[in-house]
Structure formats: C-alpha cells, structure tokens
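Here is a friendly briefing to keep beside the structure while you look around. Have the viewer ready, and take the topics in any order you like after the opening.

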Amino acid sequence: MTNQPAIEIKAKARKQGKHTSRALRRANQIPAVVYGPNVENINITIAENDAVKYSRLAYENSIFQLKSDDPKVNNLNVIKKMITHHPVSHRPVHLDFYALDMKATIKVHVELKYTGHPIGVTEGGLLQELRRDVEVECLATEIPESFEVDVTELKVGDTLHASDIKMPESIKLVTSEQEAIVSVVQQKEEKEEEVAPVAAEGDAAPAADTNTDKKE
C-alpha cells in the first residue's frame with residue numbers, strides 16, 4: 001500500500017504561453033499543470049531533474065506534495081496523470097498532475113507482477129501475459145504498488161481472470177472481472193514447408209515434340 005510519506009517537489013507558478021515554456025525548458029525547468037475536482041487549473045514549473053527522476057515506473061502511483069511560495073500550490077498532494085516527452089531527445093516537455101482529495105477515492109492503474117513457474121510451461125506450454133495492469137478504485141493512501149499473481153498452478157489451457165487477483169476489500173476492481181490476464185497455451189508446432197522435388201542433373205524430362213510433319 002502507499003503508506004510512505006508524500007515525496008516533496010519544489011514548484012513555482014508560471015505564466016502561460018509557448019514563448020514562456022521554451023524559455024523555461026532552456027533553463028532546465030519543465031512546465032506542468034495541476035488540476036482536480038477541488039482546484040482550478042494551476043500552471044506551475046518543476047526542475048527537469050525531478051521530472052526525469054519521477055517519470056520512472058517506480059513512481060507511477062506515488063503521492064507528491066508540492067512545495068511553493070504560491071499559497072495556492074503549496075502543500076497540494078498530487079499524483080502524475082501524464083508526462084509528455086520530446087519525440088527525438090525523449091526529454092520531458094510537460095507534466096500533468098492531479099490534485100488529490102485525500103478523503104475521496106480515485107481510479108488508478110496498478111501493475112501486475114506474475115510470480116512462479118507454471119506447470120503448463122514445464123509440460124511444453126507457453127505463458128501469455130495478457131494484461132500488465134488493472135484499474136482499481138481506492139483511497140489515495142491505499143493505492144497498491146502492484147498486485148502479485150501466482151501462476152505456478154496453471155496448466156496448459158488454464159487462464160486467470162481479473163477476478164482471481166487477491167486484493168483488500170477496501171479496493172474496488174474497475175477492470176471487468178471476466179477480463180483474462182494470463183494464460184498458458186499450447187505451443188504451435190512449426191510445420192516444415194513442402195519443397196517441390198528437384199530433378200537430378202541429366203534426368204530432365206524430354207521436351208515435347210511439336211513437329212507434326214514427321215514422315216513415316
């Protein structure tokens with residue numbers, strides 16, 4: 001569960017505009033916006049180093065607390081909603097933060113981690129991970145880092161569904177319970193391509209005689 005203290009990020013208010021955003025990026029600052037049901041959209045900027053560090057998967061559902069001289073921004077608890085990267089340099093160019101109501105539930109995607117070695121794979125089957133995450137609804141303080149799914153008992157032809165994921169009663173599954181998440185399937189045998197027989201040298205069939213004026 002997300003029971004660690006919020007990660008503090010320094011933030012500054014910024015003005016809108018492409019010219020302003022370019023100038024900020026040249027100064028190693030990344031434009032961002034904060035939005036949510038209880039706040040108006042707030043334009044901020046954070047250090048590029050923070051944007052790079054916290055864009056990693058490990059911080060996908062982490063809670064951040066913004067620290068700023070702006071009272072509208074200071075102490076806001078947020079999570080990342082989206083980060084945009086430059087298509088060539090892959091440098092962060094913009095972030096979206098969602099302002100949390102710590103007493104209300106939120107919908108998030110939680111990673112699935114598959115553990116164990118399936119019986120079916122030992123028998124020659126192939127493990128297929130059909131989903132890498134599921135969507136759940138819970139309090140921000142109860143967001144899991146991940147869900148572990150044990151695949152040890154899966155035989156060839158077996159499938160686990162979202163309903164098979166073990167989770168606390170306080171967490172509601174949003175993804176359909178019937179959604180298949182992992183299975184073991186029979187590997188397809190590779191068929192040898194049929195190759196037309198090649199006549200041996202000197203064994204070529206004689207050409208058809210097309211001369212109709214033969215004398216008897």
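## The core and its surroundings

In this predicted model, the largest nonpolar core holds 25 residues, and those with the most contacts inside it are L112, V136, F147, V149 and I181. At least two residues of this core come from each of β7 (105–115), β9 (133–139), β10 (146–150) and β13 (180–186). β7 gives the largest share, 5 residues. A second, separate core has 18 residues, including I9, A11, I46 and A99. In soluble globular proteins, nonpolar side chains tend to be buried together.

**The chain as a whole**

- The chain contains 3 helices and 13 strands.
- Of its 216 residues, 33% are buried.
- Among contacts in the chain with a separation of 6 or more, 65% link residues 24 or more positions apart.

**Around I181**

- Which residues does I181 touch, leaving aside its neighbours within four places in sequence? I181 is in contact with L112, Y114, Q128, E129, L130, R131, V149, L160, H161, A162 and I165.
- Two of these partners, L112 and V149, are named with I181 among the residues with the most contacts inside the largest nonpolar core.

**How the strands pair**

- β7 and β9 run antiparallel and are paired over 7 bridges.
- Within that pairing, V110 sits opposite V134 in β9.
- β9 is also joined to strand β12 (residues 172–173), again in the antiparallel sense, by 2 bridges.
- V136 has L173 in β12 as its bridge partner, and V136 is also one of the residues with the most contacts inside the largest nonpolar core.
- Strand β8 (residues 125–129) pairs with β13 in the antiparallel sense through 5 bridges.
- Strand β11 (residues 159–161) is antiparallel to β13 as well, with 3 bridges between them.
- Which residue in β13 is the bridge partner of E129? The partner of E129 is V182, and V182 is the bridge partner of L160 too.

**The second largest pocket**

- This pocket has a volume of about 200 Å³.
- Its lining is made up of S55, E60, N61, I79, K80, K81, M82, I83, K107, V108, H109 and E135.
- β5 (77–85) and β7 each contribute at least two lining residues, and β5 provides the largest share, 5 residues.
- By residue class, the lining splits into 4 nonpolar, 3 polar and 5 charged residues.

**A13, in strand β1**

- A13 belongs to strand β1 (residues 7–13).
- Why is A13 classed as partly exposed? Its relative accessible area is 47%, and partly exposed covers the range between the buried limit of 20% and the exposed limit of 50%.
- Beyond its neighbours within four places in sequence, A13 contacts N43, I44 and D70.
- A13 and D69 are 56 residues apart in sequence, while their C-alpha atoms are 8.4 Å apart in space.

**S62, in a loop**

- S62 is located in the loop between α2 (48–53) and β4 (64–67).
- Is S62 buried or exposed? S62 counts as buried because its relative accessibility is 14%, and the cut-off for buried is under 20%.
- Not counting residues up to four places away in sequence, S62 touches I7, V78 and I79.
- One of those partners, I79, is also part of the lining of the second largest pocket.

- Most residues other than glycine have a negative phi.
- N28 is not a glycine, yet it has a positive phi of about 60 degrees.
- N28 lies in the loop between α1 (18–26) and β2 (29–36).
- With 47% relative accessibility, N28 counts as partly exposed.
- H90, also not a glycine, has a positive phi of about 65 degrees.
- H90 is in the loop between β5 and β6 (92–99).
- H90 is exposed because its relative accessible area is 56%, and the exposed class begins over 50%.

Technical notes
Residues are numbered from 1 along each chain as its sequence is written. This is a predicted model: local features need pLDDT of at least 70, side-chain atom pairs count only at pLDDT 80 or more; totals for chains, interfaces and linings use all residues. Side-chain values use heavy atoms; hydrogens and water are left out. A nonpolar core is a set of buried Ala, Val, Leu, Ile, Met, Phe, Trp, Tyr and Cys residues joined through side-chain atoms within 4.5 Å. Buried means under 20% relative accessible area, exposed over 50%, partly exposed in between (1.4 Å probe, protein chains only). Helices (H or I, at least four residues) and strands (E, at least two) are DSSP runs, numbered from the N terminus. Contact means heavy atoms within 4.5 Å. On a 1 Å grid over the protein atoms alone, a cavity is a set of points where a 1.4 Å probe fits but cannot get out, and a pocket is an open set with protein on both sides within 12 Å along at least five of seven lines; lining residues have an atom within 4 Å of a point. Grid points are joined across faces, edges and corners, and a volume is the space filled by probe spheres set on the points. Ala, Val, Leu, Ile, Met, Phe, Trp, Tyr, Cys and Pro count as nonpolar, Asp, Glu, Lys and Arg as charged, and the others, Gly among them, as polar. Two strands pair if DSSP finds at least two bridges between them.
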